[in-house]
Amino acid sequence: MIIRKMVARISSGSNPRGAVYYNEEKVEQGEAQRLALRNYVGILVPPEQVQKQQVAYLLEEQAAINARISKPTFHVSLSLAPGEKPSSDELLDIADRYMLGMGYGRQPYAVYQHFDTDHTHVHIVSVRVDEKGEKVSDKFERERSNKLRQQIEKEFNLVEAERVGLKRSLPEIKPVHYGQGDLKQAMTNVVLTVLNDFRFSSFEQYNQLLRLYNVQAVEVPLEGKKPGLIYTVAREEQRQGVGFKASSLRQQPTRETVERRIKSGKKVKEDSASRLRRLLETRLADSGSWTDFQQRLQRLNILVIPHQGKDGNLFGISYLDAKQKVIYTGSELGKGFTAGALKKQLGEEFTPLPKEDIKPKQERALQPDSERQTLAEDQKQEPDSNTALLRRLLYAIGYGDDQQESEQELKKMTRKRTPRL
């Protein structure tokens, strides 16, 4: 797949209120920031103090000057490739340059910076009706936008590489360990990657993803308030007490932020569950053991995450779809995919996949045409070397009751103590 370094996506709509409220909801959820309101006549207060109803109302008023234009909304997103990290002021300059070049320099428009993905991007909302009631020209709009994009790349010294390779299925970030580099920065990278790239529907699933990178989130009771959140290195008990408050990390990944991601994750998971369920059904029907089942799934970049007690007994199971970046418990996919059901079919004793079998391979067995077609569809992506890394992490970290004990120990260390006289 080939993509441009900077991507501009333009959409139209019948009412600018919808586009404005989409961005304003992102702001309310802590996933975006309103950077500016341009050409908003009569607005004398800072942009962050203007109510969203006012932002939408002025655009609606201008669109109403010419009711014959059925889709007056101009909504564009400007996305920079991962690695480009301009400041908010620079992003605003890029947005202004784009709007001027597209003929919207004198139009009222709102600019928002979004933080909900791993690449920097802004959204701009305006209207196609000018102050005289005439339509802002949209002739050859896509072509003009693409040419303008190339000019902006040069003017703002963005990397002009015309080709950017496919992103790997899983983010290329390293697991966190004490004594290896900047601990706080490494932990921040892991937390924000999990929050922005993955979809989960519970706090436990959030922690399962964090632990793949050797990080855990621990709730800490606060007197008279909702529980706070501390991030620490997982399973390094000798230094378990060293952690960072959520409010001290970049973008402040607090409990409230996590809850918003849980809520949005539930909606996404409902839409993609059928695909994963279908893949599990076909692989399970052909599997005669735990090893066989895991091997068949890992060839499709699906990781089996076991939940085991100290005695090694399997009491739960989750599935991480690395292609879609979504995690499910067995019960979310159906009774037939729970730990109890699988033990009846594959054996009581769970056997982790041997490390020598971790590297994804192509299935060699002859399959029906429908099965080969399903496999081909799911392997259209580039081979994913990070799948092997995550699987090694999975069995190196482990899951057990000692995790709960370490969390209790951390909570004890964070309690307020009465100083001695």
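# A walk through a predicted chain

Gln345 is found in helix α10, which covers residues 339–346. Helices here are DSSP runs of H or I with at least four residues, strands are runs of E with at least two, and both are numbered from the N terminus. This is a predicted model, in which local features need pLDDT of at least 70 and side-chain atom pairs count only at pLDDT 80 or more, while totals for chains, interfaces and linings use all residues. Residues are numbered from 1 along each chain as its sequence is written, and side-chain values use heavy atoms, with hydrogens and water left out.

Stay with Gln345 for a moment. Gln345 counts as partly exposed because its relative accessibility is 45%. The cut-offs are these: buried means under 20% relative accessible area, exposed means over 50%, and partly exposed lies in between (1.4 Å probe, protein chains only). Ala285 is 60 residues away from Gln345 in sequence, yet the two C-alpha atoms are 9.6 Å apart.

Leu342 sits in helix α10 too. Is Leu342 buried or exposed? With 0% relative accessibility, Leu342 counts as buried. What is Leu342 in contact with, beyond its neighbours within four places in sequence? The list is Leu284, Trp290, Phe293, Ile317, Tyr319, Gly336, Phe337 and Gly347. Contact means heavy atoms within 4.5 Å. Take Phe293 from that list. Leu342 and Phe293 are 49 residues apart in sequence, and their C-alpha atoms are 9.9 Å apart.

Now move to helix α8, residues 290–298. Asp292 lies there. Asp292 counts as buried, since its relative accessibility is 19%. Leu353 is 61 residues from Asp292 in sequence and 8.6 Å from it in space, C-alpha to C-alpha.

Asn301 lies in the loop between α8 and β9, the strand at 302–308. Most residues other than glycine have a negative phi. Asn301 is not a glycine, but its phi is positive, about 60°. Asn301 counts as buried, because its relative accessibility is 7%.

Next, look at how helices pack. Helix α1 spans residues 16–28 and helix α2 spans residues 52–63; their axes come within 9 Å and cross at roughly 160°. That makes α1 roughly antiparallel to α2. Axes are lines fitted to C-alpha atoms, for helices over the stretch in contact, and angles run from 0 to 180 degrees between N-to-C directions. Angles under 35 degrees count as roughly parallel, over 145 as roughly antiparallel, 65 to 115 as roughly perpendicular, and the rest as oblique. The crossing of α1 and α2 is right-handed. Right-handed means that the near helix is turned clockwise from the far one by less than a right angle; left-handed means anticlockwise.

Which residues meet there? From α1 come Pro16, Arg17, Val20, Tyr21, Glu24 and Glu28, and from α2 come Lys52, Gln53, Val55, Ala56, Leu59 and Glu60. They divide into six nonpolar, one polar and five charged. Here Ala, Val, Leu, Ile, Met, Phe, Trp, Tyr, Cys and Pro count as nonpolar, Asp, Glu, Lys and Arg as charged, and the others, Gly among them, as polar.

Helix α1 also holds Ala19. Ala19 is buried, with a relative accessible area of 10%. Leaving out residues up to four places away in sequence, Ala19 touches Thr73, His75 and Val125.

Helices α6 (residues 203–211) and α7 (residues 255–285) give another angle: their axes come within 10 Å and cross at roughly 95°. That makes α6 roughly perpendicular to α7. Phe203, Gln205 and Tyr206 in α6 meet Arg255, Val258, Ile262 and Lys269 in α7. This contact has four nonpolar residues, one polar and two charged.

Finally, step back to the whole chain. The chain has 13 helices and 11 strands. Of its 421 residues, 49% are buried. Among contacts between residues at least 6 apart in sequence, 70% join residues at least 24 apart.
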